[in-house]
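Please look over the sequence and the model shown here before reading the notes on selected parts of the chain.

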Amino acid sequence: MKNPKSQQLTIYNTLTGQKERFEPLNPPYVGMYVCGPTVYNDVHLGNCRTFISFDVVFRYLQHLGYKVRYVRNITDAGHLENDADEGEDKIAKKARLEQLEPMEVVQRYTVGFHRIMERFNVLPPSIEPTATGHIVEQIQLIRKILDKGLAYEVNGSIYFDVKKYMESEPYGELSGRNVDELIAGTRELEGQSEKRSPLDFALWKKASPTHIMRWESPWGEGFPGWHLECSAMSTKYLGEQFDIHGGGMDLKFPHHECEIAQCKAANNKKPVRYWMHANMLTLNGKRMSKSTGNTLLPQEIFSGQNAFLSKPYSSAVVRFFILQAHYRSPLDISDEALQASEKGFRRLMEAKETLSHLKAGTVSDWDVQSAMARVYEAMNDDFNTPVAIAELFEIVRYINLMKAGEQHLCEKDLTELKDFFHRMVEDVLGLKDEQRSMLDTARLDAVIQVLIDMRQKARQDRNYALADQIRDQLLKAGIQLKDTKEGTTYTLL
RNA sequence: GGUUCUGUGGCCGAGUGGCUAGGCAGAGGUCUGCAAAACCUCGUACACCGGUUCGAAUCCGGUCGGAACCUCCA
């Protein structure tokens, strides 16, 4: 384990409501499962927040030296639209609407999802299994639950028997639900319900004649229930018990509750040691919702084509903005907030660039070791990225002071800081200056240097009109010159 | 209606019993040919009303906002 300060990582476990020391089941291996997207539509920003949050978890665990198997599924089998619908599948419905094959819809949105994730610099998971690719495993899981007597068949559909399950196991422990209250609060379904109790949930649904996505099963043609895929695939790839399960807050109930029940019913084991839930993202203080028009797609932010923001923002800025809040806090996105983050992000990136050119002094006259330790302390405290970033900004101040020659680090400390800063910013937080990296920097450097030299000559000749013209026109082109004691450098805005 | 969470300075957002969060914006200063950048200094915030405590933004109760879930949803 290469934890520089040998501090202990703690994780807030939704199941217990407490921060707990993270101790993997089989160190150095860590199994992590995160509920992925349903690919019947464009990913929206809220999804992205969740995946960015868990991307940092994945990256930090790796940084600490753990060997992580990160599984994030693609829900391509679709979920039921509603009970009254007798099994219309979201993907099937969309397919009919657009005259496409279901798998064509799935393909299109899966590719779109991957593109967005890549732009956000979200690492691909170790395994990205699809629900449709694991029908066999899901059927096996249903069989196991049936054999235990914890599910029942009605007209070719299989339902999980919550009441029976509760005779031996608690239901609702993750979400703090009281089952009696839940039943009391259940509205009467229109039409007939095959379920014995309103809390029962489908493991397998019989396909109606119009249902396009259907598979053979021991109970006739049908499709898997809403919650089954995650249980089947997490068990397959991570085992009956694994370390971390993540997802958005809204999945706590019923989805994750059902997952726990399914796994416990099948394997008699608590499937997950640490449950993690990321909070919601709101837009201008309100939840995003298509019906009210209060939505924002990632590509609409990048392009600036939207009704909420004054200008486009890069994916790196949005990622930075998201990491400036803790994953368990609600976060509100707005133009002002993004502008502030954009400035802060540039400051951080500038400092990173500055640091790479710094020369060592003979002695260190500031405490770089404890500065770095504070960043780790923050990350170890339930992945507290906002505090980690705040601590990085403290280091930024020193970087700028060192550039000005007012602070120094010895060779060893400077080398360590350079390595640390790069790894923390780029590898762990996943922040990189995409503007800079997309350019042919060597050639641009040479071109700008010509202009810098010309301006310098003009200044020496006291031809300030020309000097300022060069400076101002470059600024208009998004290139800002910076005069320092060591000479002039430039920044891309 | 029920469950869970939340309300912090101009904005965003950490903190959760006594001690500077941080970013952005704003004011003053240093530097500069002038600027910009950078650095230094400056804000005495914690929805409201009670209570516990030597001491509360932080704990408890109530009131009023906001969010999620209870129905597919990150």
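This is a predicted model: local features need pLDDT of at least 70, side-chain atom pairs count only at pLDDT 80 or more; totals for chains, interfaces and linings use all residues.

Residues are numbered from 1 along each chain as its sequence is written, and side-chain values use heavy atoms, with hydrogens and water left out.

**Annotated motif**
- An unreviewed UniProt entry lists residues 37-47 as the short sequence motif "'HIGH' region", an annotation that may be inferred rather than shown by experiment.
- The end C-alpha atoms of residues 37-47 lie 7 Å apart, and the span is 27% helix and 0% strand (DSSP runs, with helices of H or I and at least four residues, and strands of E and at least two, numbered from the N terminus).

**Helix H7**
- Helix H7 (residues 228-238) has 9 of its 11 residues buried (under 20% relative accessible area, with exposed over 50% and partly exposed in between, using a 1.4 Å probe and protein chains only).
- Just after H7, Gly 239 adopts a positive phi of about 100 degrees.

**Thr 14**
- Thr 14, in the loop between strand E1 (10-13) and strand E2 (18-21), counts as buried because its relative accessibility is 12%.
- The side chains of Thr 14 and His 277 are joined by a polar contact of 2.9 Å (a pair of N or O atoms within 3.5 Å; within protein, one must be able to donate a hydrogen and the other to accept it, and residues adjacent in sequence count only if both atoms are side-chain atoms).

**Cysteines**
- The structure holds 0 disulfides (pairs of cysteine sulfur atoms within 2.5 Å).
- Cys 230 is in no disulfide, and the nearest cysteine sulfur, that of Cys 35, is 3.8 Å away.

Key. Chains are lettered from A and ligands numbered from 1 in the order in which they are written.
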